[in-house]
Structures are given as C-alpha cells and as structure tokens.
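Try each task before you read its solution.

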Amino acid sequence: MFSEQTIIVINTACISILTFMTIILVVATRLKGGAGYAALIIVCTTLPVYLANMMRSVGMHDMQFLWHAAILMNTLCFPLTWLFVHKQLDKSFRFTPGKWLHFLPSLISLAVSLIYYHHKSPEEFAAEMEYLESDKENLPAIINDIIVFGQFFIYFPLMFRFLRRTRKNLLENYSDSEFYTTQWISRFILFFFILFFIVFVAYVISPRTDAWLIPILNVFGMSYLIYHSITHPTTSYIRRLKEIPIEQNLENDESLLNAPSFSLEENLMKSICSQVEEYLESTKAYLRSDLSLATLSKETGIPQKNLSHSINSHLNCNFFELINRMRIEEAKRQLLDLETSGYKIDSIYEGCGFRTRSTFFLAFKKAEGISPAQWLKSAAKT
C-alpha cells in the first residue's frame with residue numbers, strides 16, 4: 001500500500017512523537033495516577049513490534065534479536081494492561097506468584113520463535129522475513145497471532161466486567177472527585193478496545209498493514225493519555241480506606257452475624273437513613289468535597305455495611321448519588337440567589353462540595369437533565 005520510503009517516514013515520525021510524549025507524560029505524572037504507567041505499557045510493548053515490522057517491510061533482515069523481542073512484547077500488552085487496571089482500581093491488589101501465569105503465553109510464543117529460528121542462517125532468516133512480507137504466515141507468526149487475538153477476546157471481557165463490578169464500590173467508597181478521576185481508566189480501555197479492533201480488522205484484510213497502522217494508532221492512544229493528564233489530572237493514588245470492622249459493631253446482634261446473607265429490617269434501615277439525612281443536613285457535611293462512605297460511618301458511628309445497605313435498599317440510591325442529590329439542591333438554591341449574592345455559575349461548585357467545574361456540571365446534568373444555565377433560565381420563567 002505504501003512505498004518503503006513512506007513506511008520509514010511514518011514509523012520514524014511516530015516513534016519520535018511517541019517517545020517525546022512518553023517522556024513528557026512520565027515526567028509530568030512522576031508515575032503517579034496511572035497515566036504514566038499506561039504510557040510505559042504502550043511504549044514498551046509496541047515499540048519493538050513496529051520497529052521489527054518496519055525493518056521487515058523495508059528489507060532490513062539482520063535483526064533476529066529484535067524479532068524475538070517483538071514476538072515477546074507483542075503478547076505482553078494485554079496481561080500488563082489487565083494487571084495495570086487491577087492495580088489502579090483494586091485497593092487489595094497484590095502481585096502474587098499466581099499472577100505470573102498471565103505471562104506464560106508470552107514465554108511460549110518466545111520459545112517457539114527461538115526454537116524455530118535458532119538454526120537458520122542470516123540468509124534463511126531473510127527469506128523467512130520476505131515470506132512473511134508476502135502476507136503469508138510461518139509457525140512463530142501463527143502461534144503469536146493465536147495468542148494475541150485470543151488475549152483480545154479474553155482480556156477485554158475480563159476488563160470490562162471488572163470495571164463494571166468496581167464502579168459500584170468506587171461510587172460508594174470514594175469522594176466524587178476521586179471517582180471521576182478514575183473514570184479515565186474505563187474510557188482508556190474502551191478507546192484501547194476500539195483501536196485494537198481496527199487493527200484486528202485491518203490485519204485480517206491485509207496482515208502487512210501492521211507496519212504503518214499500529215504506529216499511527218499508538219500515537220492516537222498516547223495523545224489521549226496526554227489530553228487526559230492535562231485536562232483531567234488524576235489524584236496520585238486512590239485513597240486507601242480503612243474499613244470499620246463489621247463484627248465489632250454488630251457483636252450484640254448474633255442474628256445478623258450468623259445470617260447467610262446480610263440484611264436489615266425495614267424499620268432499622270429507615271431509622272439509619274433518617275439519622276444520616278439529619279446529620280448531613282445539620283452539619284452540612286455533604287458540602288465537604290472529601291466526604292466518603294467510610295468517613296460518614298466514622299462520624300455517625302453507624303457501621304459502614306449497615307450504612308451502605310440502608311441507603312441502597314431504603315432510599316433506592318447509593319451513597320454517591322445521595323450526596324450529589326443534596327449538593328445539587330444546594331447548587332439550585334445558590335443559582336436562584338445569583339443576582340443578590342454575586343455568585344457566578346462557574347464559581348459556585350466549590351461551595352457545593354465539588355472540587356472541579358466538570359464534576360459539578362456532570363452531576364447537575366445527571367440529576368436535572370439540563371445544564372445549570374438552562375435550569376436557571378427555566379426557573380426564572382416560572
């Protein structure tokens with residue numbers, strides 16, 4: 001599709017841009033907040049791959065060492081991304097010996113490549129590369145393709161399932177700003193899925209598109225990380241919450257402790273919700289941007305599990321939604337008082353418990369279905 005000279009120009013430009021952006025991102029984030037690590041995963045697992053593909057495409061075949069590195073790193077991208085997502089969102093994550101099994105397919109692919117090529121002379125290796133360049137596959141390439149595309153259909157469902165399961169925990173246990181600053185991970189995985197799906201389709205149509213398409217798409221991926229880091233800076237880490245031991249707070253209620261599944265009576269849940277709402281209104285604690293379920297549990301003396309279960313079951317919402325509902329009501333009061341108080345729409349979010357303008361606008365639109373300005377206009381007409 002492209003000439004050798006064009007492929008060299010595309011790859012050289014993409015490598016230069018990718019390396020430059022990675023250095024900026026790693027330095028800016030100091031490997032905190034996740035974006036820096038994601039950048040390193042992209043570069044370390046793909047740079048050897050498209051260097052090898054570029055050299056193969058332009059006939060530079062004295063590169064056995066680089067080819068083996070590409071074979072290995074090509075199959076490491078998905079396991080590393082899976083472990084990265086877990087480490088960023090799971091406070092109990094530990095790299096146990098069993099997690100090394102994720103790297104077993106990569107080692108198998110590398111072993112097949114080493115065994116297949118080790119006895120070949122430079123001329124024979126060059127012939128193999130020319131064979132691959134003609135849209136044909138040898139044994140190492142077939143094994144590598146099976147592993148990579150198998151990982152695609154295994155790891156993406158696992159990641160999406162994990163992200164869906166952890167969303168509820170994040171909503172209930174972290175403040176609104178912490179929740180929103182982790183949402184870039186979900187968007188990044190979705191974006192990564194779309195890019196890889198494009199590669200998958202292009203590869204099925206013409207395998208040699210990998211010599212130029214992968215570098216271009218990687219630049220798009222890294223650009224997304226740069227954009228995210230600039231416009232939505234993440235917290236250094238997810239705050240590690242110290243959970244209140246449920247047993248200590250329920251030691252006088254053996255029926256609850258011994259129940260096969262945790263549940264509370266409706267009257268008790270109603271009492272807990274009334275107590276919580278009264279506490280939030282009287283102290284205005286909901287206006288604190290760092291308020292979390294664990295913090296509220298400590299301040300009210302209500303066990304965290306009781307608190308979460310009561311809010312979910314009796315109020316039909318989670319903690320995050322309850323707090324935001326109260327914050328939005330406060331924001332509406334301030335919006336109605338704009339002319340006399342001197343407030344501006346863009347300046348009231350901090351006083352309502354939101355750390356950023358973007359989280360305020362997102363929460364307001366979710367609650368009311370329209371923006372603050374639109375709501376104010378409609379309220380003025382009534």
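**Exercise 1: A ring pair**

Trp 82 has 11% relative accessibility, so Trp 82 counts as buried (buried is under 20% relative accessible area, exposed over 50%, partly exposed in between, with a 1.4 Å probe and protein chains only). This is a predicted model: local features need pLDDT of at least 70, side-chain atom pairs count only at pLDDT 80 or more, and totals for chains, interfaces and linings use all residues. Residues are numbered from 1 along each chain as its sequence is written, and side-chain values use heavy atoms, with hydrogens and water left out.

Task: classify the pair of Trp 82 and Phe 162.

Step 1. Recall the rule: rings of Phe, Tyr and Trp (its six-membered ring) pair if their centres lie within 6.5 Å; planes under 30 degrees apart are stacked, over 60 edge-to-face, the rest tilted.

Step 2. Count the aromatic pairs: the structure holds 31. In the pair of Trp 82 and Phe 162, the centres are 6.1 Å apart and the planes make 70°, and the pair is edge-to-face.

Step 3. Trp 82 lies in helix 4 (residues 77-89) and Phe 162 in helix 7 (residues 139-173), so the pair ties together parts 80 residues apart in sequence. Helices here are DSSP runs (H or I, at least four residues), numbered from the N terminus.

**Exercise 2: A second pair**

Task: classify the pair of Phe 149 and Tyr 203.

Step 1. The centres are 5.7 Å apart and the planes stand at 45°, so this pair is tilted.

Step 2. Phe 149 sits in helix 7 and Tyr 203 in helix 8 (residues 176-205), 54 residues apart.

Step 3. Phe 149 is buried at 15%. Tyr 203 is buried at 16%.

**Exercise 3: Charge over ring**

Task: find which ring lies under the charged end of Lys 120.

Step 1. The test needs NZ of Lys or CZ of Arg within 6 Å of the ring centre and within 35 degrees of the ring normal.

Step 2. The ring belongs to Tyr 116, with its centre 4.9 Å away. Arg 327 lies over the face of Phe 354, at 5.6 Å from the ring centre.

**Exercise 4: The core**

Task: which residues touch the most other members of the largest nonpolar core?

Step 1. Such a core is a set of buried Ala, Val, Leu, Ile, Met, Phe, Trp, Tyr and Cys residues joined through side-chain atoms within 4.5 Å.

Step 2. Of its 50 residues, the answer is Val 85, Met 222 and Leu 225.

Step 3. Helix 8 gives the most to this core, with 10 residues.

Conventions. Helix = DSSP H or I, 4+ residues; strand = E, 2+ residues; numbered from the N terminus.
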